[in-house]
Amino acid sequence: MKIENFQSQVCVCAASTNLTCAKGRAEMEERMKILVIGGSYFLGRVFVMQASGKHEITVLNRGTYSMENFGVKQIRGDRRDETLWRRMEERYDAIVDFCAYEEGDIAKVLQNMAGKVTQYVLISTVDVYQRGTGKKKDEDTALETRNFPGEAGAYIAGKVALEQELRVECAQKEIEYTILRPAIVYGPYNYAPRESAYIQLLVQNHILPRITDAEGSFQCVYVKDAAEAALKCLLQEKAYGQAYNLCQDQVMTYASFLEALKNAADVEFDEIPITVEQARAQGIPLPFAVTGEESELCCNEKGKKEMGFEYIDFQEGLARTYRAFRGVFRQE
């Protein structure tokens, strides 16, 4: 072999090696150490499933469902146990919090955690916005200050308080934060009586209630899209100190929701016209806004423009959800 050819091959190999090393370094730099609080039920579970192959994940929850099959570390305990946080001395690139509901939930973490964290991502809700304005809410809309009765009122008040708590605690600890406000989350693993309840009626009972007098409108977000949005925010400087709405482009009604479900169904069924009052009397869930007064809509443009959030079409998302639940309900 001529020396010049040998040298040429060495240069090519060296260049190839450098490219491989550079790629390896890039992959190492992109791999993050993430602490997920919650993470075993629905959105948190899907986030862990999508993130586990890319990042080093530790899940902290009560251990109702095992997450170790996803190749993640699981710490079982109550998030409100201060001693639990004092024992956690590792450094994390990010905390993603799926189960902060009551005022003090974030303060207990950040005031007691022995380790360090760069970014705290809070999963909040679009319900934090001031209600009854008649306008679509963007991220600059004022938050709700009134207290409403019942479980829903407590949920809203808790999330509003936690968003403020996050800002205060992160400022004191010099931690970056990002707030994500999803609309109604739907998709596989959602065992709340929403779309799954209607899929169960289709698959097991071969009926589909058609709500004839519901006038409300609402927005949804497919669970995988919401999980992907959370992943896109991690260690992104442009997401620091920001809040983002997560919702699909389509504004839905009971009529359009049920039409999409009819299109997804692969079983014969009877469509039963029923009023809101009759549905309530028969225990049929009405998980979405029923009246125009209950309808609260949001804008998703900020997240799409700044972070590149993308949303699947509702028909396709519901079809995937139907296929996921069809086998579950047929086995019962």
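User: Let's start with the sheet: which residue in β3 is the bridge partner of T58?

Analyst: That's K73. Keep in mind that this is a predicted model.

User: What makes β2 and β3 a pair of strands?

Analyst: A pair needs at least two bridges, and β2 (residues 56-61) and β3 have four, in the parallel sense. So they count as paired, because four bridges meet the cut-off of two.

User: Where do they sit in the whole sheet, and why are β3 and β11 said to stand at the edges?

Analyst: The order is β3-β2-β1-β4-β5-β6-β11, an open sheet of seven strands with parallel pairing. β3 (73-76) and β11 (242-246) each have a single partner strand, so one side of each has no neighbour in the sheet. From one strand to the next, the twist averages 20 degrees.

User: What packs on that sheet?

Analyst: Helix α7 (residues 223-233) does, touching β5 (117-123), β6 (176-182) and β11. The direction of α7 makes about 165 degrees with that of β6.

User: Why is E144 called buried?

Analyst: Buried means under 20% relative accessible area. E144 has 4%, so it is buried. E144 is placed in the loop between β5 and α5 (150-173), and it touches V128, Y129, Q130, R131, I156 and V160, leaving aside residues up to four places away in sequence.

User: How do you know that E144 has a polar contact with R131?

Analyst: The cut-off is an N or O pair within 3.5 Å. A polar atom of the E144 side chain lies 2.9 Å from the backbone nitrogen of R131, so the distance passes that cut-off.

User: What makes the space of about 40 Å³ a cavity and not a pocket?

Analyst: In a cavity a 1.4 Å probe fits but cannot get out, whereas a pocket is an open set. The count comes to one cavity of 30 Å³ or more, and the largest cavity has a volume of about 40 Å³. Its lining includes L43, F47, F98 and I123, and the largest share, three residues, comes from α7.

User: And which residues lie nearest the centre of the second largest pocket?

Analyst: E30, M32, H55, L231 and L234, out of 12 lining residues. About 250 Å³ of space lies in that pocket. The elements giving two or more residues to its lining are α1 (3-30) and α7, with α7 giving the most, three residues.

Notes:
Residues are numbered from 1 along each chain as its sequence is written. This is a predicted model: local features need pLDDT of at least 70, side-chain atom pairs count only at pLDDT 80 or more; totals for chains, interfaces and linings use all residues. Side-chain values use heavy atoms; hydrogens and water are left out. Axes are lines fitted to C-alpha atoms, for helices over the stretch in contact, and angles run from 0 to 180 degrees between N-to-C directions. Contact means heavy atoms within 4.5 Å. Buried means under 20% relative accessible area, exposed over 50%, partly exposed in between (1.4 Å probe, protein chains only). A polar contact is a pair of N or O atoms within 3.5 Å; within protein, one must be able to donate a hydrogen and the other to accept it, and residues adjacent in sequence count only if both atoms are side-chain atoms. On a 1 Å grid over the protein atoms alone, a cavity is a set of points where a 1.4 Å probe fits but cannot get out, and a pocket is an open set with protein on both sides within 12 Å along at least five of seven lines; lining residues have an atom within 4 Å of a point. Grid points are joined across faces, edges and corners, and a volume is the space filled by probe spheres set on the points.
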